[in-house]
Structure formats: structure tokens, C-alpha cells
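Colleague: I would like to learn how to read a sheet and a ligand site in a model. Can we work through one case?

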Amino acid sequence: MTAQIIDGKALSRRLRVGFRERVERLKERGVAPGLAVILVGDNPASRVYVGNKIKACEECGVRSLHVGLAVDVSEAEVLATIQRLNDDGSIHGILVQLPLPPHIQIARVLEAISVHKDVDGFHLYNVGALVTGTSIFPPCTPYGVQLLLDTTGIDVAGKNVVVVGASNIVGKPMGLMLLQREATVTICHARTRDLAQHTILADILIVAAGKPGLIVPQMVKEGAIVIDVGINRLPDGRIVGDVCFDEVKKKAAWITPVPGGVGPMTVTMLIENTLRSAERAFKAADEDEFQEWEAPIVKSP
Ligand code: NAD
């Protein structure tokens with residue numbers, strides 16, 4: 001068997017065509033969707049990620065605001081910047097590029113972002129909403145994986161899904177999102193004993209560990225769907241995932257490449273969340289929809 005390739009680049013391109021149409025519809029109604037990206041310091045990798053996000057905004061007609069803050073900026077100044085953006089009606093999404101310098105508490109910063117503009121989906125409210133299946137802004141990487149899975153036409157309900165990696169931004173939300181779709185989910189991590197014993201049972205194997213070569217064919221069930229979230233730079237400069245692609249491709253039914261699989265989808269879903277936020281803001285002006293949505297937040301213990 002040779003796996004069919006799940007092409008994240010192609011899906012991203014298709015989605016972005018639809019985004020441009022949505023932007024036009026919003027603009028006709030006087031709303032220009034806007035995303036603010038806050039970058040603290042000048043970590044080279046973070047600069048590249050922020051650059052990619054801003055480029056994607058330009059491609060889709062979304063206005064982007066790049067807020068660069070010095071590496072020694074105080075936490076209070078970061079929080080004040082977020083507050084200004086929360087109050088700015090022309091901004092529909094706010095994203096703080098992680099990691100932050102150690103003197104700034106990530107949790108405080110993420111919780112300062114208005115839940116209505118939390119397009120990364122990292123605010124505790126949106127994290128909690130994943131548990132109940134009511135998330136407005138699912139985190140971008142697992143959201144992208146979900147759409148990639150949809151392109152296979154295979155229903156995840158009842159399938160054995162094994163997620164390798166249990167981070168807050170990928171593994172845990174991924175597990176919750178597929179549990180919501182009635183998959184049987186196992187989440188493995190660095191302390192899991194005998195990883196292969198779990199992965200071999202997976203109808204759908206999603207790997208987000210950041211360990212090149214972690215998944216070899218002996219760990220994969222014949223005919224499985226394999227999604228490789230990992231992005232690793234090898235000493236020779238090549239970018240690879242966590243899955244031994246060439247070997248596993250011969251056993252799986254579907255597989256994502258790296259690069260060109262999950263990576264492009266992450267940025268695309270950020271734009272999706274930003275557009276959704278702008279559309280919600282537009283509707284709310286007419287229908288008081290935000291008021292209704294706010295109720296569970298206010299009441300939660
Ligand atoms: P992380 O370091 O926060 O978490 C890694 C997880 O993998 C942890 O739960 C850890 O316990 C687990 N793990 C590590 N070694 C393992 C092993 N040998 N066996 C089983 N589990 C193991 O990483 P993250 O932020 O979740 O990112 C994971 C990978 O995904 C990285 O390569 C990252 O670059 C990539 N990533 C890609 C995208 C994308 O858009 N494609 C987005 C986010 C992260």
C-alpha cells in the first residue's frame with residue numbers, strides 16, 4: 001500500500017480563496033477585519049512565525065497590526081497594550097507570539113486578551129469551552145488537523161485515535177476536539193511506557209512530539225491515517241516531522257508530508273478565526289449576540 005498524501009498546502013490555498021470572498025462581504029458592510037500580533041523581543045524563530053502570519057493576512061485582505069515590544073518591556077506594559085487592543089473596535093483578533101521572556105507570566109497575558117478576540121484559542125475560557133464542545137476559537141494547529149482529516153472523507157466517530165504529545169497548544173486540545181467527534185482517544189507523552197503498544201492500535205495517529213524519527217513503520221497499523229505535526233530542523237538544514245515519512249508511507253492509507261502538511265494549515269486557521277471574530281462582531285452590533293455569549297463566562301465559578 002502507498003498512502004495518499006493529505007496536502008495541507010493545497011487545502012490552505014482553497015480555504016484562502018474563500019477567505020478573500022468573506023473579507024469582501026465584510027468590507028461591503030463597513031467592517032475591515034483586523035488582526036493584531038504582539039511580538040516581545042526579537043527571537044529569530046518568532047520573527048519568522050510573525051512574518052508568516054502577517055503575510056497570510058495580506059494574502060487574504062485582512063488588516064494586520066504588528067506591535068513590537070522591547071525584550072525588557074514590563075508585564076504591566078504588555079497588559080496595557082492588550083487592554084488598548086481589546087478596546088479597539090477595528091481589531092478583531094489579538095495574538096501574543098510565544099514564548100515570552102521569563103519575567104512575563106504567560107498565563108496573565110493570555111487571560112488579559114478579550115475572549116471575543118482570542119483567535120489563538122489560548123484563553124482559559126476557550127480552553128474550557130473545548131471540554132464542553134462549545135469553543136468559538138479552536139486552537140489553530142489542532143483545528144487545521146481536524147480539517148485535514150475531513151478531506152479524507154473518513155468519519156472519526158468510533159475510530160481509535162492516538163495522539164502522541166500532550167502539550168497545551170497541540171496534543172491536549174487535539175484529543176478533546178476528536179473526543180467531541182466521538183473518537184476513542186488516547187493521549188501519549190514522554191512518560192508513556194511502550195509507545196508502540198498504543199500507536200499500533202491507532203486508526204488515526206497524530207504525532208506532535210518534536211522528535212524526528214520517533215514513529216517508525218513497526219509502530220503504525222496497516223491502513224492508518226497518519227498526521228505529522230512535528231517540525232524539526234536537522235543539522236543538515238532539512239525540515240522533517242516526527243514520522244519516518246518514506247517508510248511509513250508504504251503502510252499508511254493517508255499521510256501528511258512535512259513540510260506542506262499541517263504547517264500551512266495552522267496559519268490558515270488563524271485567519272479563519274479572525275474572520276469569524278469579525279463576522280461575530282458585525283452580527284453582535286445588530287443582534288446583541290455577544291451579550292448572550294457572555295453569559296456563561298460571567299456565571300462560571
Ligand atoms: P512541546 O514540547 O510543548 O510538547 C511535546 C509533547 O511531546 C510533550 O507532551 C512530551 O511529553 C511529548 N513527547 C516528547 N518526546 C516524546 C516521546 N519520545 N514519546 C512520546 N511523547 C513525547 O511541543 P509542541 O509545542 O506541542 O510541539 C510539538 C511539535 O509540533 C514540535 O515539533 C513543534 O515544532 C510542532 N508544531 C508544529 C506546528 C505546526 O503548525 N505544524 C504547530 C505547533 C507545534
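Predicted model: local features only at pLDDT ≥ 70, side-chain atom pairs only at ≥ 80, totals over all residues.

Colleague: In what order do the strands of the open sheet lie?

Modeller: Strand order is read across the sheet, from neighbour to neighbour. Here 3 strands run in the order E3-E2-E4, with parallel pairing. Strands E3 (63-69) and E4 (93-96) are at the edges with a single partner strand each, so one side of each has no neighbour in the sheet. On average, neighbouring strands are turned by 15° against each other, direction ignored.

Colleague: Over how many bridges do E2 and E3 pair?

Modeller: Strand E2 (residues 34-40) pairs with E3 over 7 bridges, in the parallel sense.

Colleague: Which strands does helix H2 lie across?

Modeller: Helix H2 (residues 44-60) lies across E2, E3 and E4, and runs at about 170° to E2.

Colleague: Now the ligand. Which residues are closest to it?

Modeller: Begin with the shell, then go to atom pairs. The ligand is surrounded by 22 residues, the closest being Ala-166, Ser-167, Ala-190, Ile-231 and Thr-266. By class, 12 are nonpolar, 9 polar and 1 charged. Helix H10 (residues 262-287) gives the most to this shell, with 3 residues.

Colleague: Which side chain has an N or O atom 2.5 Å from a ligand oxygen?

Modeller: That is Ser-167. The side chain of Thr-266 likewise places an N or O atom 2.6 Å from an oxygen atom of the ligand. From His-189, a backbone N or O atom lies 3.4 Å from a ligand nitrogen. The protein covers 71% of the 850 Å² of accessible area that the ligand has on its own.

Conventions:
Residues numbered from 1 in each chain as written. Heavy atoms only, no water. Pairing = 2+ DSSP bridges. Helix = DSSP H or I, 4+ residues; strand = E, 2+ residues; numbered from the N terminus. Axes fitted to C-alpha atoms, helices over the stretch in contact; angles between N-to-C directions. Contact = heavy atoms within 4.5 Å. Near = heavy atom within 4 Å. Polar contact = N/O pair within 3.5 Å; in protein donor to acceptor, adjacent residues only side chain to side chain. Areas by Shrake-Rupley, 256 points an atom, 1.4 Å probe, with all protein chains shown as cover. Nonpolar A, V, L, I, M, F, W, Y, C, P; charged D, E, K, R; others polar.
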